[in-house]
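Hello,

Here is the structure we talked about. Please open it alongside this note, and read on below for what turned up.

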Amino acid sequence: MSEIISQAALRALAAEWISSARQVFGPTAINPHTVAYSPLNSADALLLEGFVHPANSIKEVVFPRHEVLYGYRIEGNSVELLDDHAPLPEQIVIAARPCDAAALPILDRVFNWDFADEFYNRRRAATTVITLACNTADESCFCTSVGLGPDSERGSDVLLFDLGDQFYEVRCLTEKGHALFRGKTETADRTAMAVSAPPKKFDPQVIRSFVIEHFEDAFWKDHALACVGCGICAYTCPTCHCFDIVDAGPSAGNARVRTWDSCQFPIFTAHASGHNPRASQSSRQRQRILHKFAIYPDKFGEILCTGCGNCTRNCPEGLGVLSLAMEIDRG
Amino acid sequence: MEVISVRQQTADVKSVSLRFLDAERAKNFSFNVGQFGIFSVFGFGESTFNICSSSNWKDRIEFCFRRVGRVTEAMWKIEEHDIVGFRGPYGNGYPMDAWKGHDLIFLGGGIAMPPIRCAVWYALENRADYGEITVVYGARTVADLVYADELDRWAEFDRVRVVRCVDPGGQTADWKGEVGFVPNVFEKACGKCNDPIVLVIGPPIMIKNTLPILDRMGVGAASVYTSIENRMKCGVGKCGRCNVGPLYVCKEGPVLTMEQLQALPADY
Amino acid sequence: MSETSVFEPKIVAYVCNWCTYLGADLAGTTRLEYPPNVRIIRLPCTGRIDFNLLVKGFEIGADAVLVSGCHPGDCHYTAGNYHARRRWILFRELLDTLGFDLRRIHFTWISAAEGKKWQQMVTEITEETRKLGPYTDLYANGPAPALPALDCASGEARTLDAEPELREYSRNLLAEGTVKVVVGYGAHGPVIVTRPEDAERLVWNNRCRPNLTAYLKRKEIKALGKPAVVVKPCDEKSLVVLERESQIDRNEIHVIGMACEGVGEPKCASCEDRTPRDADKSFGAAVASATPASAQPNRLAALMAMTSRERMAFWSAQFERCVKCFACRQVCPMCYCERCIVDKSRPITIDPASSTKGNFAWQIARAFHLAGRCVGCGECSRACPAGIDLGLLNIALHKAGSEHFGYEPGADALGKPLIGAFSLQDQEDFIH
């Protein structure tokens with residue numbers, strides 16, 4: 001026995017959430033060729049099928065690309081700091097992919113390492129994640145290579161399974177999830193079939209060993225030459241979280257702001273002296289792999305990657321973690 | 001924090017003395033020498049500097065900066081009573097307790113004096129805890145020496161030796177110090193040493209040339225310390241910017257032994 | 001406290017020091033009254049007025065912007081205002097494409113003797129702007145019609161006949177030392193081949209999308225030595241522009257031209273030029289598009305058919321998605337500045353982070369810096385992970401350059417640039 005819900009009822013629920021004071025996010029068709037997680041203004045905009053993985057991730061809801069840390073008001077010689085105490089609206093993500101949901105508990109580790117990042121934690125607490133398990137994968141998917149799968153529960157408050165006939169099995173995993181679906185589902189004698197997972201494409205242990213033991217290997221130079229140094233991999237990745245802190249000047253409002261940044265940008269590590277420890281694109285590519293498969297696991301016991309494939313799928317030059325990892329594992 | 005005073009050290013280096021606006025905060029604040037802070041000019045941004053005052057000085061903290069970019073350009077204009085943002089202390093600081101009982105050798109070049117200065121003052125203020133203290137400090141020219149007047153005051157302390165030098169060509173007609181690069185001047189001045197702790201801070205080339213000399217003197221890599229720098233932002237290990245291989249400079253540094261540094265990949 | 005206060009428009013005027021500023025001064029000294037709504041910003045010359053300053057004026061709250069300088073022929077620096085005029089003609093088209101309210105942007109020539117004209121212009125502009133009301137539409141969201149969809153083919157790549165020849169040729173080039181590196185297409189993306197035996201990694205199929213000339217600017221590639229680069233006819237035009245701008249020496253690169261049958265990109269549907277023009281060696285057979293270019297929907301026309309309010313809403317929705325990954329910049333062969341304006345910090349002219357103003361400023365700068373230089377390879381649109389219609393801005397400026405000045409980027413390696421040059425005969429109908 002399980003709980004199920006019709007797509008129509010699910011959309012009606014979404015409409016209810018949208019019209020209440022909550023912010024609802026979900027996959028939507030940006031244009032005929034692009035599906036992305038976006039704030040939803042209507043339940044009709046929610047896309048529940050016809051795509052494998054949106055072009056972005058859900059990290060925006062807990063880690064916005066532009067976030068005011070605090071304001072400041074300068075008057076003569078005095079500075080007043082202005083905290084933003086406005087209550088955060090409740091946030092609901094509908095139809096996240098398991099690889100996107102799983103990123104959240106992984107990110108929890110760094111954002112609470114020694115110093116608790118309240119900006120992140122507040123948003124995290126205000127967010128409920130309803131995940132839609134996958135029925136298919138594409139050639140860029142590799143969740144199974146990093147210990148996840150198309151029906152992984154990590155990071156999800158609710159897990160939905162597409163039963164194929166406009167019905168979904170609803171598995172509430174947390175109290176937050178129950179709170180949203182209590183009384184909204186029907187009991188039925190249907191469970192989702194086991195989903196076939198993408199085959200394992202590489203061994204993360206091999207990647208870790210390689211990047212540590214072959215730090216200076218010519219591999220990095222050979223294979224990273226095609227990288228043009230944009231921020232697509234970092235910005236569409238569910239787990240990449242590098243950021244910058246800037247003072248937004250008068251014309252943008254006086255505030256100290258946290259913004260996304262990417263280790264692939266050439267000036268990411270540039271010193272004021274002019275020295276740049278990672279002056280070549282290959283060293284920057286290597287850093288991304290090192291961070292995801294060696295540094296983060298060694299520090300926090302988690303691979304900083306959920307195998308969503310966005311970096312490889314979106315890279316205009318076909319690179320990304322999957323590309324590099326398969327080359328490494330191939331030998 | 002409020003600016004107490006600003007001192008121009010060289011043509012493009014100033015040191016700033018700050019005090020907390022809030023008495024309660026001032027009372028509760030403490031740090032270890034070697035730690036750094038993130039200082040800011042509101043409207044221009046934040047920048048990372050070592051806290052170069054001794055942790056024994058309860059009425060103020062100091063930092064030293066070179067005018068080189070957007071934030072430091074704005075800092076160049078600050079005056080007494082201006083407001084400067086501060087957050088910290090971050091990083092791991094010098095293990096001054098572990099250094100007790102040892103001779104201390106401080107080697108520094110140019111703008112590396114501030115992170116050495118705090119340790120020297122601390123050691124002098126706890127004089128009995130430490131053995132002989134040697135400071136070898138050099139800069140490209142006489143005009144580039146930072147905290148030059150304090151070097152004189154240090155030499156007045158018991159069993160303290162201060163050697164200052166400038167690069168060949170950097171001396172003035174009345175220069176009374178040495179002429180040469182810090183590693184060579186050091187070797188000449190201190191042929192022998194007795195299980196010291198060495199703190200060497202400076203440009204990579206200086207460190208590279210100092211290590212073999214220390215090795216010849218029998219100083220092990222675990223006794224040689226440095227303070228590395230890297231571009232930082234958050235200071236608390238989250239923004240992903242400052243790592244040298246697996247080591248986050250803001251959390252597991254900036255103070256490292258040479259042994260630790262040499263174990264790191266060439267990522268700095 | 002009055003309940004109905006009269007709206008006082010804020011007007012920012014960028015004026016040149018030698019003519020208009022003195023003209024305004026003359027108005028003052030001759031006691032000519034004019035509304036106090038105008039805030040004057042004095043610059044040495046209209047030629048120094050960066051296009052982004054106009055946008056900045058609106059960003060900081062201006063309801064109208066006035067730009068004024070010496071009459072053509074009277075510039076204190078001889079030609080500054082000719083440069084400005086050329087720039088304004090094109091920039092105005094870009095602003096129109098973006099949905100800015102052109103009624104709020106004014107250009108005039110006012111000389112030092114024309115105090116009266118200054119009084120008259122400022123009075124008129126103030127009253128017009130008062131009637132228009134505050135500029136609340138700036139970057140405003142709202143309904144906007146969708147544009148006709150872009151035609152993008154997917155599906156498996158089909159290897160083309162010329163692949164073995166290409167591999168053989170490349171292998172020989174490397175083995176003989178004619179070149180040190182071959183930049184070509186591989187199974188998953190571009191490959192940078194330095195060893196003859198690795199020429200096997202090169203492919204040629206109907207999904208070879210990237211414009212590989214973008215790699216010629218990268219220092220890691222330059223360090224490898226003389227390159228051979230595989231180009232499609234659309235990519236080839238980039239080389240002409242790069243050569244004109246002295247970024248490459250045509251004799252120091254080996255161009256392998258591939259005749260093309262389309263790679264499934266939207267640009268392919270209207271491409272009629274599928275044969276390489278100036279390659280050192282060509283392969284493959286050109287196959288024309290199934291449908292003629294004239295049959296493709298004119299998306300720019302559809303955009304310009306909207307009201308400016310709708311256009312602004314259209315672009316606001318598009319730029320809201322911009323995450324500032326700068327893929328558009330990195331994949332563009334013509335974006336080769338060692339330090340991009342967006343990375344400059346003294347001053348920060350464009351916010352490098354994703355924000356409404358920062359995104360508009362970036363997209364405006366990118367499009368305008370490429371005016372007359374973009375050859376329409378479409379890489380920017382292809383690379384954008386947020387599906388933003390970047391190419392449309394470039395197409396708009398291409399049309400402006402063509403219609404106003406008969407300019408065609410990539411046509412002539414020895415020709416003049418579009419924006420760096422000017423003609424005494426440049427025509428416009430909007431400068432008073």
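The C-alpha centres of the two domains of chain B, domain 1 and domain 2, lie 24 Å apart. This is a predicted model, so please read every value here as computed. The domain assignment puts domain 1 of chain B at 2-90 and domain 2 of chain B at 104-227. Their contact takes 15 residues from domain 1 of chain B and 14 residues from domain 2 of chain B. On the domain 1 side, β1 (2-10) and β5 (61-66) of chain B are the elements that give two or more residues. By class, that side of domain 1 of chain B has six nonpolar, eight polar and one charged.

Next, chain C. The assignment here gives domain 1 (11-132), domain 2 (163-283) and domain 3 (295-405) of chain C. Take domain 2 and domain 3 of chain C: 26 Å separate their centres, taken over C-alpha atoms. In this contact, 18 residues of domain 2 of chain C meet 13 residues of domain 3 of chain C. The side of domain 2 of chain C that touches domain 3 of chain C has seven nonpolar, five polar and six charged residues.

Stay with chain C for a sheet. It is open, has five strands and shows mixed pairing. The strand order is β6-β5-β7-β8-β9 (chain C). Its edge strands are β6 (190-193) and β9 (281-283) of chain C, and each pairs on one side only. On average, neighbouring strands of this sheet are turned by 20° against each other, direction ignored. In general, strands of a sheet pair through backbone hydrogen bonds, either parallel or antiparallel. Parallel or antiparallel: how do β7 (residues 227-231) and β8 (residues 254-258) of chain C pair? They pair in the parallel sense, over four bridges. To find this on screen, look for C:A228, whose bridge partner in β8(C) is C:H254. Helix α5 (residues 163-175) of chain C lies across β5 (181-185), β6, β7, β8 and β9 of chain C. The helix runs at about 165° to β5(C).

Now chain A. Its secondary structure comes to eleven helices and twelve strands. Along the principal axes, the C-alpha atoms of chain A fill a box of roughly 65 × 65 × 40 Å. What radius of gyration does chain A have? The value is 21 Å, which agrees with a compact globule, because a compact globule with 331 residues would have a radius of gyration near 20 Å. Buried residues make up 50% of the 331 residues in chain A. Among contacts in chain A between residues at least 6 apart in sequence, 70% join residues at least 24 apart.

Last, the contact between chain A and chain C. It takes 34 residues from chain A and 33 residues from chain C. On the chain A side, β2 (23-31), β3 (34-39), α8 (232-236) and β12 (255-260) of chain A each supply at least two residues. The residues of that side divide into 17 nonpolar, 15 polar and two charged.

Best wishes

Technical notes:
Residues numbered from 1 in each chain as written. Chains lettered and ligands numbered in written order. Predicted model: local features only at pLDDT ≥ 70, side-chain atom pairs only at ≥ 80, totals over all residues. Domains from an automatic or database assignment. Contact = placed C-beta atoms within 7 Å. Nonpolar A, V, L, I, M, F, W, Y, C, P; charged D, E, K, R; others polar. Rg over C-alpha atoms; globule rule 2.2 N^0.38 Å. Buried ≥ 20, exposed ≤ 12 C-beta atoms within 10 Å, placed from the backbone. Pairing = 2+ DSSP bridges. Axes fitted to C-alpha atoms, helices over the stretch in contact; angles between N-to-C directions.
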